[in-house]
Amino acid sequence: MEIQKQLKSHGAWVGKWTFILAATGSAVGLGNIWGFPYKAGTNGGGAFVLIYLGCILAIGLPIMVSEIVIGRRAGNSPVNAMRRVAVDSNTTPLWRFVGWSGIFAGVLILSFYSVIAGICLNYIFISATSSGALSATDQFSNVISSPLNLLFWHTVFMTLTALIVSAGIKDGIGRMVKILMPLLGMLMIFMVIYAMINGDFNKAMTFLFAPDFSNVTSDTLLQAMGQAFFSLGLGMGSIMAYGAYMPKDQSIVSNSFTVASLDTLVAIVAGIAIFPIIFAFSLEPNSGPGLVFVSMLSAFNQMQYGQFVGPLFFILLSVAALSSSISLLEPGVAYLSEEGILPRKRSAEIIAFVAWVLGIGSALSFNIWSDFHLISDRNFLDSMEFITNQVLLPLGGMFIAIFVGWFMKKSLITDEIGAMNPVLYMLWRFFVKFIAPLSVAYIFYRQFF
Ligand code: PHE
């Protein structure tokens, strides 16, 4: 009965590349260029990187395929997609709570994401005017010590996100990512070459790729897994929502593979661009969230034409962040608008406003609230990151894998997957049924029990 309800349609992506571009836009963002290097840095480098790669392959990729399978099958927002596919598979509509948890996680992530993206916007101007008189480390301290400054840029970024989502993501974003993402890729490669010539390249490569497992704790595992979920944008319905707009004639498996590869590549390239500079300038690899801002600004301060290359880098980083933030807002907005509860524009405004209010806590955690601890010794921003990356996303992903592996009707799955090498298909099934959910469960168990 319930599924007979008429839901508003969202339309489909136009063009062969639009899904890949939008999904890559969702995946590639601050998680790759801000998050990955600083987490690798605080977790000792190589071992973290290797575990991260393992998580992408064994957990992330199989779950990404699963999420898109559900999304495209239903053609709805994650809440309704989960419910619909569950009912079509003769199982309980309660699976929709996976969709709800996704909307919730999306709002929490967006709240702190916008604060960090706001810092990127601010750095467009800082890098254009920086003379190098002030060290990059001091510059970063200045930026984060002012609550008003952070709140201002947080507001700008959140407004931009809401505006794009209001307009309907297919028109705005499809066009934007097509030009700007490749440009970001090229600039990243330029930064790697710069770092190779001017930085301590050998030390950086050893740091990133020579694993030392002696310091690996259950926390390292959890952080690496959380980072994999976050970076691929999994476990909260973003890619499920995008999958809903994917034309039926496109291959889910090969598209997932492309998106996951590009995402991983950008994270690794970001690491290779940042760490040589960190080591050459005797900065601290484990300095935390300021890592990308401090290292890149140090490089631009030294570089000829740094006052042009710097702003370009931060503009592209901001665009990459924007193409991710809209995918955080989309599941909730798609739900409210397809149910006819609120028009798209109003939904975007309201959800963005809630995230904006929550984001104030993260902005203040850099200054006046720095001593306020929410979850054990974590400040507000770290707590938001912890709840989402390390709890909600892996949990959501685990349920998605269990659903597709054990509950979703086989014929519905094979319909979506289409023609595929049978060995590869069996392998994917095996990972979705066993490896992905058990790995998440194991890592949770080690950390929390
Ligand atoms: N993947 C994005 C990034 O790395 C963030 C994101 C998380 C997007 C979850 C969608 C869902 O920046």
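**Salt bridges around Glu-416**

Author: Glu-416 and Arg-72 join their side chains in a salt bridge, 2.7 Å from N to O. The partners sit 344 residues apart, Glu-416 in helix α17 (residues 410–417) and Arg-72 in helix α3 (residues 46–74); helices here are DSSP runs of H or I, at least four residues, numbered from the N terminus. The model is predicted, local features need pLDDT of at least 70, side-chain atom pairs count only at pLDDT 80 or more, and totals for chains, interfaces and linings use all residues. Residues are numbered from 1 along each chain as its sequence is written, and side-chain values use heavy atoms, with hydrogens and water left out.

Reader: How many salt bridges does a search of the whole structure find?

Author: Side chains of opposite charge can pair when their charged atoms come close. The criterion is a Lys or Arg side-chain nitrogen within 4 Å of an Asp or Glu carboxyl oxygen. The search finds seven.

Reader: Which residues are linked with Glu-416 in a network of salt bridges?

Author: Arg-72 and Lys-248 are linked with Glu-416. The Glu-416 to Lys-248 bridge is 3.2 Å, N to O. Lys-248 lies in the loop between α11 (238–243) and α12 (252–280), so this pair ties together parts 168 residues apart in sequence.

Reader: Is Glu-416 buried or exposed?

Author: Buried means under 20% relative accessible area, exposed over 50%, partly exposed in between (1.4 Å probe, protein chains only). Glu-416 counts as buried because its relative accessibility is 4%. Arg-72, at 4%, is also buried, whereas Lys-248 counts as exposed at 54%.

Technical notes:
Helices (H or I, at least four residues) and strands (E, at least two) are DSSP runs, numbered from the N terminus.
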